[in-house]
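Reader: I'm new to reading protein models. Could you walk me through this one?

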Protein chains: 2
Amino acid sequence: MSAGLRQLYRPARAINTHVLRISRSYAIEAKPKFFADEPAAPHIKTSKLPGPKSKELSAEMNVWQDARAHQLVADYSTSKGNYLQDADGNKFLDVFAQIASIAIGYNHPALLSLAKSNEFIQLAMNRPALGSFPPSNWNKILSESLLKVAPKGLDQLFTMMCGSCANEGALKAAFFAYRQRERGGQLAEFSSEELKSCMNNQKPGSPDLVAMSFKSGFHGRLFGSLSLTRSKAIHKVDVPAFDWPAVEFPQLKYPLEEFEAENKKSEAASLQGVEETILEWKKKGRKVAALILEPIQSEGGDFHASPAFFRALRTLTLKHQVYMIVDEVQTGVGATGHFWAHEAWNLDTPPDFVTFSKKMQAAGFYHAPETRPVQPYRNYNTWMGAPTEILKARTIIEVVERENLISHVKDVGRYLYSGLETLSKSVGKGKINNLRGKETGTFLAFDSPTSKSRDEFINRMKLAGVNMGGCGEQTVRLRPMLVFGKAHAQIMLETAEKVLKDL
Amino acid sequence: MSAGLRQLYRPARAINTHVLRISRSYAIEAKPKFFADEPAAPHIKTSKLPGPKSKELSAEMNVWQDARAHQLVADYSTSKGNYLQDADGNKFLDVFAQIASIAIGYNHPALLSLAKSNEFIQLAMNRPALGSFPPSNWNKILSESLLKVAPKGLDQLFTMMCGSCANEGALKAAFFAYRQRERGGQLAEFSSEELKSCMNNQKPGSPDLVAMSFKSGFHGRLFGSLSLTRSKAIHKVDVPAFDWPAVEFPQLKYPLEEFEAENKKSEAASLQGVEETILEWKKKGRKVAALILEPIQSEGGDFHASPAFFRALRTLTLKHQVYMIVDEVQTGVGATGHFWAHEAWNLDTPPDFVTFSKKMQAAGFYHAPETRPVQPYRNYNTWMGAPTEILKARTIIEVVERENLISHVKDVGRYLYSGLETLSKSVGKGKINNLRGKETGTFLAFDSPTSKSRDEFINRMKLAGVNMGGCGEQTVRLRPMLVFGKAHAQIMLETAEKVLKDL
């Protein structure tokens with residue numbers, strides 16, 4: 001262990017007995033803060049991963065569904081807090097959290113208690129068509145859950161079933177509003193030509209309006225959202241796509257303070273790309289109605305940009321009357337040190353749409369009253385979201401507030417970032433590159449030298465009991481739960497040090 | 001009451017004390033067969049609908065979401081079996097069932113007991129990313145649920161979040177398989193040009209392959225599924241669509257036995273339209289990769305076609321190597337007197353894909369091993385379905401089997417059809433037109449003279465305590481639950497008679 005790291009933390013076996021004080025700001029909790037009964041450390045029992053039982057179960061499932069994407073077969077009944085247990089009894093510290101989709105830990109008592117409530121049972125077992133037969137307690141439930149955390153300026157809500165659906169729902173609402181404006185405002189009616197031509201998927205009823213996204217962006221895998229997604233070819237190839245443009249996202253270099261001028265230039269170039277694309281496509285007769293973006297491009301490789309960049313983007317979208325959709329499916333619900341990542345931008349005018357899913361369990365989008373469709377039944381479907389997931393969202397939001405998880409995440413994020421920074425020096429040059437996320441809570445990432453070494457790193461971390469995720473070409477992304485503490489960070493850092501020294 | 005109807009049933013107040021024997025096949029149960037404790041009849045307490053409490057609750061919700069599609073605000077805690085109670089305490093006999101999405105009744109004891117099981121609680125509160133971290137009991141659960149009812153010949157399963165997602169998932173799989181075949185079969189690899197061009201949404205990586213659907217068809221409201229949907233302009237207008245063709249669906253006339261020759265002609269014309277469209281588009285360089293269809297076009301107006309038509313369609317799709325996707329989102333899970341409506345066709349070769357949602361609670365699609373993508377991660381997303389809904393599907397399937405609900409539906413369907421037939425004569429000519437569904441269980445429909453009179457009929461039925469749904473321009477669709485019995489049918493018929501005589 002390097003001197004630097006030794007200063008920063010103690011080995012895992014010691015964390016239950018010592019409170020280390022490296023400095024005031026980096027005090028480590030002696031015990032996990034939120035789950036008194038979670039394991040003290042990872043424990044791998046099997047000589048290989050997947051273990052024999054997991055392997056057998058995967059093979060059984062592979063009979064009816066491709067199991068090649070299985071990372072492990074989990075036992076959710078014995079998983080606890082930050083620890084995921086597999087079918088062979090191996091216990092992993094989970095820093096990937098079901099692809100960034102677990103907020104407050106496995107088997108959180110507040111969620112287990114929700115499950116036993118009559119309110120939950122009745123809505124789970126009598127699934128309503130929410131748009132037509134909403135439950136009598138619906139307004140109350142929503143007021144205590146999703147509406148309570150509505151992003152500033154966006155007091156309208158539409159719930160859907162998944163992240164892709166949420167993005168497509170927002171995009172549809174953007175197209176509705178754009179055409180309504182073009183048509184002449186709130187009172188303008190559809191022309192008979194519009195109503196007729198749309199039945200044949202032709203103009204003007206099916207407009208050739210355009211939605212724009214950023215290269216490396218990921219917005220889902222359904223037909224509209226996949227046309228916006230630009231992460232990897234394997235996500236897109238062979239699927240018909242809308243002819244919509246994508247623009248270069250800023251390519252920041254790290255550490256940020258060393259590359260200030262270059263990074264500004266990169267952001268300016270991206271902004272210029274956005275404006276030029278809007279103008280070019282307009283010239284072709286195809287207007288850009290919406291721009292969708294992630295506050296941090298996650299699936300595509302954890303690419304960040306500065307608050308100033310996003311503020312400029314908002315100015316640009318307003319100037320050209322392009323609706324701005326902020327896709328917070330992965331960044332939302334606290335992991336960046338804000339409830340919504342876009343809060344960090346301090347926008348003067350809120351985005352037009354903010355979409356969510358994953359950690360929220362419930363999916364959907366927020367918007368402003370101006371983008372509410374003039375006619376009913378336009379954004380509508382049978383279920384319009386899942387009450388079970390919205391009730392879970394309520395509990396998650398309550399726990400986030402009660403336990404001050406946002407400030408906890410900020411605190412742990414700083415600790416984790418600092419640990420990775422130290423590590424990047426101690427393990428030898430080039431093993432941890434482009435460490436990013438200094439200001440974004442535990443939403444951190446770094447690059448391995450190659451795609452292969454990244455995969456090898458993740459694989460060895462897992463063998464050592466730490467479950468992590470990759471993204472983009474050669475990036476390791478940290479996607480811990482909000483209840484991930486410094487003690488967990490310490491285990492992860494120590495394990496990473498061992499693995500990286502060997503690699 | 002007409003002599004005909006009087007023969008067929010007794011007034012609702014009598015149903016608890018008498019067993020009527022009109023004929024052997026039309027014996028009415030004295031009591032509801034499945035819910036001993038459900039109300040004996042509808043009961044409307046408020047002088048207007050919606051009642052004051054419901055109105056107030058809708059207004060509260062309208063602040064954050066358009067409430068114009070609300071039909072009633074429901075109290076699911078007091079709803080029971082076939083009876084839906086609203087916020088004002090009105091009890092409706094529910095013949096719409098959350099847009100055809102409730103299979104075995106409100107607050108079914110088997111579902112309530114599922115909700116209390118540890119298995120349910122753990123999977124509900126620890127939501128897995130099923131494609132990468134499946135639960136150790138997943139194979140067992142699926143074997144006892146969705147796999148158990150897999151359509152003949154289709155032993156592969158992909159679960160998703162909603163009906164639209166299910167259709168788009170199947171469509172993606174169809175495009176993958178089509179391009180893989182064009183590329184040269186299982187071993188053929190992507191060209192670098194494909195991998196590059198798809199990142200820009202351009203050919204050849206984003207192919208200009210075509211998916212075909214039928215006019216009046218409904219397949220969902222996301223961007224791909226909405227391009228296939230041809231139900232109503234309000235569903236489609238202002239949303240960019242793929243340039244894909246739609247073909248005329250057969251326009252059958254009723255009663256079928258009177259219009260045999262004409263109907264055959266209409267079906268032949270539709271088949272010719274399908275083949276011509278495939279050939280025409282091929283000439284334009286745009287190959288039809290998939291044809292999607294509903295066994296009964298539901299949302300678009302409850303349009304039927306004969307088993308012979310669908311068999312011919314299967315022959316045509318095989319001849320032209322077009323994948324056939326059967327959208328059983330609304331027809332699946334028993335309501336047509338078969339578990340899957342397409343079983344009635346007796347196909348020699350099964351369809352390529354069968355999609356489901358609604359009554360199943362879980363959504364997804366079945367397919368054959370040949371359409372399993374060669375590469376992993378192609379049909380993949382974070383959640384890949386909801387374990388809560390799949391567990392509910394298991395219970396629903398168990399109850400369907402245990403209670404012989406399919407044969408019950410057939411029996412009640414015959415009774416209901418016969419009652420409507422009698423009614424159509426007794427209430428005066430032209431009020432019940434094109435009664436259809438003689439062979440399709442309780443999946444029945446008829447036309448009102450106009451769109452306005454249809455809406456008025458549904459409205460007055462509701463005021464009399466029977467909740468019903470419309471579809472298409474002027475159609476009334478019956479979408480009762482599988483536990484709907486003859487006693488319920490009797491109430492519905494009697495109420496309809498009163499309403500129609502007044503109308």
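Reader: Which residues have the most contacts inside the largest nonpolar core?
Author: This is a predicted model, where local features need pLDDT of at least 70, side-chain atom pairs count only at pLDDT 80 or more, and totals for chains, interfaces and linings use all residues. Residues are numbered from 1 along each chain as its sequence is written, chains are lettered from A and ligands numbered from 1 in the order in which they are written, and side-chain values use heavy atoms, leaving out hydrogens and water. A nonpolar core is a set of buried Ala, Val, Leu, Ile, Met, Phe, Trp, Tyr and Cys residues joined through side-chain atoms within 4.5 Å, and buried means under 20% relative accessible area, with exposed over 50% and partly exposed in between (1.4 Å probe, protein chains only). The largest such core has 237 residues, and those with the most contacts inside it are A:Leu146, A:Met360, B:Leu146 and B:Met360.

Reader: What does A:Met360 touch, beyond residues up to four places away in sequence?
Author: Contact here means heavy atoms within 4.5 Å. With residues up to four places away in sequence not counted, the list for A:Met360 is A:Leu146, A:Val149, A:Val333, A:Phe339, A:Trp340, A:Tyr366, A:Glu389, A:Ala393 and A:Ile397.

Reader: Why is strand β4 of chain A largely enclosed?
Author: Strands (E, at least two residues) and helices (H or I, at least four) are DSSP runs, numbered from the N terminus. A:Val210, A:Met212 and A:Phe214 point one way from β4(A), A:Ala211 and A:Ser213 point the other way, and all are buried. In a regular strand, side chains alternate between the two faces of the sheet. So β4(A), residues 210-214, is largely enclosed by the rest of the structure because the buried count is 5 of the 5 residues.

Reader: Which residue of β6(A) stands opposite A:Ala211?
Author: Two strands pair if DSSP finds at least two bridges between them. β4(A) pairs with β6(A), residues 288-293, in the parallel sense over 3 bridges. Opposite A:Ala211 you'll find A:Ala290.

Reader: And what stands opposite A:Phe214 in β5(A)?
Author: β5(A), residues 246-247, also pairs with β4(A) in the parallel sense, over 2 bridges. Opposite A:Phe214 is A:Val247.

Reader: Which helices of chain B do the buried residues of α5(A) pack against?
Author: Helix α5(A) covers residues 118-125, and its buried residues are A:Phe120, A:Ile121, A:Leu123, A:Ala124 and A:Met125. In chain A they pack against α4 (109-115), α6 (138-143) and α13 (387-402). In chain B, their partners are α4 (109-115), α5 (118-125) and α13 (387-402).

Reader: How far apart are the ring centres of B:Phe242 and B:Trp244?
Author: Rings of Phe, Tyr and Trp (its six-membered ring) pair if their centres lie within 6.5 Å; planes under 30 degrees apart count as stacked, over 60 as edge-to-face and the rest as tilted. A search of the whole structure turns up 45 aromatic pairs over all chains. For B:Phe242 and B:Trp244 the planes are at 10°, so the pair is stacked, and the centres are apart by 4.6 Å.

Reader: What is the relative accessible area of B:Trp244?
Author: B:Phe242 is buried, at 6%. B:Trp244 is buried too, and its relative accessible area is 2%.

Reader: What is the angle between the planes of B:Phe249 and B:Phe310?
Author: These two rings form a tilted pair, 6.5 Å centre to centre. The pair links distant parts of the chain, 61 residues apart: B:Phe249 is in the loop between β5 (246-247) and α11 (260-283), and B:Phe310 is in helix α12 (307-319). Both residues are buried, and the angle between their planes is 45°.

Reader: Which ring does B:Arg127 lie over?
Author: A charge sits over a ring if NZ of Lys or CZ of Arg is within 6 Å of the ring centre and within 35 degrees of the ring normal. The charged end of B:Arg378 does this with B:Phe176, 4.0 Å from the ring centre. B:Arg127 is 3.5 Å from the ring centre of B:Trp383.

Reader: Which backbone oxygen does the side chain of B:Lys462 reach?
Author: B:Lys462 is in helix α15 (residues 451-463) of chain B and is buried, with a relative accessible area of 13%. A polar contact is a pair of N or O atoms within 3.5 Å; within protein, one must be able to donate a hydrogen and the other to accept it, and residues adjacent in sequence count only if both atoms are side-chain atoms. At 3.0 Å, the side chain of B:Lys462 reaches the backbone oxygen of B:Gln71.
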